[in-house]
Amino acid sequence: MGSMSAVAQLLTLYDSARLVRARALSPVDLTRSCLERIERLDGQLNAFISVNGEEALDQAHSAELELIRGDYRGSLHGIPIALKDVVDVRGMPTTAASAAYGDRTPDRDAEVVRRLRAAGAVILGKLNLHELAYGASSVVSAFGPVRNPWSRDHAAGGSSSGSAVAVATGMCYGAVGTDTGGSIRQPAAFCGVTGLKPTYGRVSTRGVMPLSRSYDHVGPVAISALDAALMLQVMEGPDPDNPARSNLSAPDYAGVLEDAEGLAPGLRVGIPQQHFFDSLDPEISNALGSARGVLRQLGSIEREVVVPALTDTTLFQAETWALHRERALRAPELFQPETLRRLRAGGALDEATRVEELRRLANLRGSTGALFADVDVIVTPTTVVLPFSVADTSGESHGLRVRELVALQNTRPFNILGLPTISIPCGFSAHGLPIGMQVTGAPGAETTVLQVAHAYQGVTRWHLCRPPVDQTPASQPER
């Protein structure tokens, strides 16, 4: 297999997988290409906390030998993947970007890592994030802020910022992120990539450092919806030890997308004007208007829908404090001051109130089917604001949190409801900052959500645009 490193940098996961299976592209070349890009770019962007270079190359060589023997494990065979540093990998520290967890080195893989390894994926390393995943700017990290590859003066979002930046810049072909209030979708929108939050419980959280067990989701970050489908196929599945257990069936997502010809006829798209379009940036409004026009051209029918503007954080804050309380009391100096302030805010909830909040959440999730009585999906902007500048986040802490909560305005309700939802690129601002569109489905309806995203990406090229870290014409498809 000849070297194709330069070409490999611009390939999607799906295209790379096809070439690997045909033995037209080597897993070793793919891995070397990623490691070269990490070495060259990450000093500017700070997406990685640790890189597993030598072992990754060993995994790639093993994957290549298996191919030579005819032992093909599937679409992630030999594909370099990176992990948000809340995901346990045996023998590697899981820090959650916090000095408070610098001594934590697990002796077993998270369930999602076990599945990725079984599928033949190459594990490149661990990705930077907002400390403890408790924030949406990723300027708060023991390892320094993550920079947006489209403009290093701007935030990459959070908390799965390293995941979005690494995918956007070709430092990996897919990444694992977590999403408790928007932490996959918001950085995906800010960095111009695709990020999928599955239905609550579909992907096991076992071996993933929790933030709030009632709201935590694990999902893929990739270039395209088809790439995300390939990753989800491997990542999901029954796990009796999963704290958020789900019995959802696992369809062949990629097969459905490959066979699909556009949208299902008469697909009903719900548009919730209240809350989700409040204080919307005009450039995002224009981009989303154009994207909705594309969906209509593909045969969709728009209908108004009312989605509850759920923003209460009582249970979230209480669960977060309970999870980190012991270390926060023992060694508060090891946390970033802003993180410590947020943690302590959850210390006042009594047990009776916690139980009542859990009951209320179960009732909310049990009623979500009514949202989809007259629509198949719900479409909104992913965020109502463009990526904010890093300079705007460096002042008084209350202002930072307010800015983050505005950026999470449209994502948080779907964590509370536990619904599958994806962010896909749908345009750029006048200054070249990415804009995202969010597509949400009924519980367990990942296939529908992915079909809509895939159909849209089949007739647009926003997801194929690459940030200007490579000054080559091929990296910037015509917009």
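Leaving aside its neighbours within four places in sequence, Gly170 is in contact with Cys34 and Arg37. Keep in mind as we go that this is a predicted model. So where does Gly170 sit? You'll find Gly170 in the loop between helix 6 (161-168) and strand 6 (174-179). Gly170 counts as buried because its relative accessibility is 9%, and the cut-off for buried is under 20%. Now look at Arg40: it is 130 residues from Gly170 along the chain, yet the C-alpha atoms of the two are separated by 11 Å.

Let's stay with the cysteines for a moment. A disulfide is a covalent bond between the sulfur atoms of two cysteines. How many disulfides does the structure hold? The count is zero. Take Cys172, which is in no disulfide: the nearest cysteine sulfur belongs to Cys34 and is 6.6 Å away. To be called a disulfide, the two sulfur atoms would have to be within 2.5 Å. With a relative accessibility of 3%, Cys172 counts as buried. Cys426 is in no disulfide either, and the nearest cysteine sulfur, that of Cys465, is 12 Å away. Cys426 also counts as buried, at 3% relative accessibility.

Next, the aromatic rings. A pair of rings is described by the distance of the centres and the angle of the planes. This structure holds five aromatic pairs. One of them joins Phe428 and Trp462, with 6.0 Å from centre to centre and 50° between the planes, so the pair is called tilted. This pair links distant parts of the chain: Phe428 lies in strand 12 (residues 421-428), while Trp462 lies in the segment after helix 16 (446-459), 34 residues apart. Phe428 counts as buried because its relative accessibility is 15%. Bring in Trp150 and you have a cluster, with ring pairs linking Trp150, Phe428 and Trp462.

Have a look at Tyr200: the charged end of Arg365 sits over its ring, 4.3 Å from the ring's centre.

Finally, let's visit the largest pocket, which has a volume of about 240 Å³. Which residues are closest to its centre? Of the 16 residues that line the pocket, they are Leu226, His454, Gln457, Gly458 and His463. The elements that give two or more residues to this lining are helix 2 (13-21), helix 8 (225-235) and helix 16. Helix 16 gives the most, with five residues.

Terms used. Residues are numbered from 1 along each chain as its sequence is written. This is a predicted model: local features need pLDDT of at least 70, side-chain atom pairs count only at pLDDT 80 or more; totals for chains, interfaces and linings use all residues. Side-chain values use heavy atoms; hydrogens and water are left out. Rings of Phe, Tyr and Trp (its six-membered ring) pair if their centres lie within 6.5 Å; planes under 30 degrees apart count as stacked, over 60 as edge-to-face and the rest as tilted. Helices (H or I, at least four residues) and strands (E, at least two) are DSSP runs, numbered from the N terminus. Buried means under 20% relative accessible area, exposed over 50%, partly exposed in between (1.4 Å probe, protein chains only). A charge sits over a ring if NZ of Lys or CZ of Arg is within 6 Å of the ring centre and within 35 degrees of the ring normal. Contact means heavy atoms within 4.5 Å. On a 1 Å grid over the protein atoms alone, a cavity is a set of points where a 1.4 Å probe fits but cannot get out, and a pocket is an open set with protein on both sides within 12 Å along at least five of seven lines; lining residues have an atom within 4 Å of a point. Grid points are joined across faces, edges and corners, and a volume is the space filled by probe spheres set on the points.
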